[in-house]
Structure formats: C-alpha cells, structure tokens
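Visitor: I'm new to this one. Can you put it up and walk me through it?

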Amino acid sequence: MISGAAQADIGVLVISAHKGEFETGYEKGGQTCEHVQLAKTMGLSKLFMVVNKMDDPTVNWSKERYDEIESKMVPFLSSSG
C-alpha cells in the first residue's frame, strides 16, 4: 500500500458494508483509519470512498447501512484533510 500510494495521484478507499467488518476497520487502530492517514502522509490529496459488499445478507442493500457508514466516514475523511 505504501509504495503504491507514493506514486499515485488519487486513491480509492474500499470499505466493507458487512456488519462487523466496517466497525473493525473504523474503530481506533483499525486499518481503514490507518490507510487514510498513510495516504495523506504519502501525499495523496484525493481519496474516493467506495462502499463494497452491499449485497451481503447482513446488509441486503440497506440505505440505512450506507448512510451509517457515510455519516462516520465523511467527517473522518474531512478532518483528515
């Protein structure tokens, strides 16, 4: 991830909507937050967020789940620069 981010102009952050997976990555020390910080440190100024696994049985294309993830990630991404 580090060597790729050092050469990239933009990044794509893929977030799992699966119940439990998003929470594990987002909580303190989670890889989602670490990857955002690393991307910023490596000079990425643009980061796209993609919510994956919306078809999972624990999510079932739930707009509420998407909105929950968005409501946590957008402020975090904004505060991260």
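Visitor: How many positive and negative side chains does the chain have, and how far apart are the centres of the two sets?
Guide: There are 8 positive and 11 negative side chains, with the centres of the two sets 5 Å apart. Lys and Arg count as positive, Asp and Glu as negative, while His and the chain ends are not counted. Each charge is placed at NZ of Lys, CZ of Arg, CG of Asp or CD of Glu.

Visitor: Where does the model come from?
Guide: It is a predicted model, where local features need pLDDT of at least 70, side-chain atom pairs count only at pLDDT 80 or more, and totals for chains, interfaces and linings use all residues. Residues are numbered from 1 along each chain as its sequence is written, and side-chain values use heavy atoms, leaving out hydrogens and water.

Visitor: What pattern does the chain follow along the sequence?
Guide: The pattern is α-β-α-α-β-α, from four helices and two strands. Helices (H or I, at least four residues) and strands (E, at least two) are DSSP runs, numbered from the N terminus.

Visitor: Where is Lys-53?
Guide: Lys-53 is in the loop between strand E2 (46-52) and helix H4 (63-79). Its phi is near 65 degrees, a positive value in a residue other than glycine. Most residues other than glycine have a negative phi.

Visitor: And is Lys-53 buried, exposed or partly exposed?
Guide: Lys-53 is partly exposed, at 35% relative accessible area. Buried means under 20%, exposed over 50%, and partly exposed in between (1.4 Å probe, protein chains only).

Visitor: What about Asn-60, buried or exposed?
Guide: Asn-60 counts as exposed, at 57% relative accessibility. Asn-60 is found in the loop between E2 and H4, and has a positive phi of about 55 degrees.
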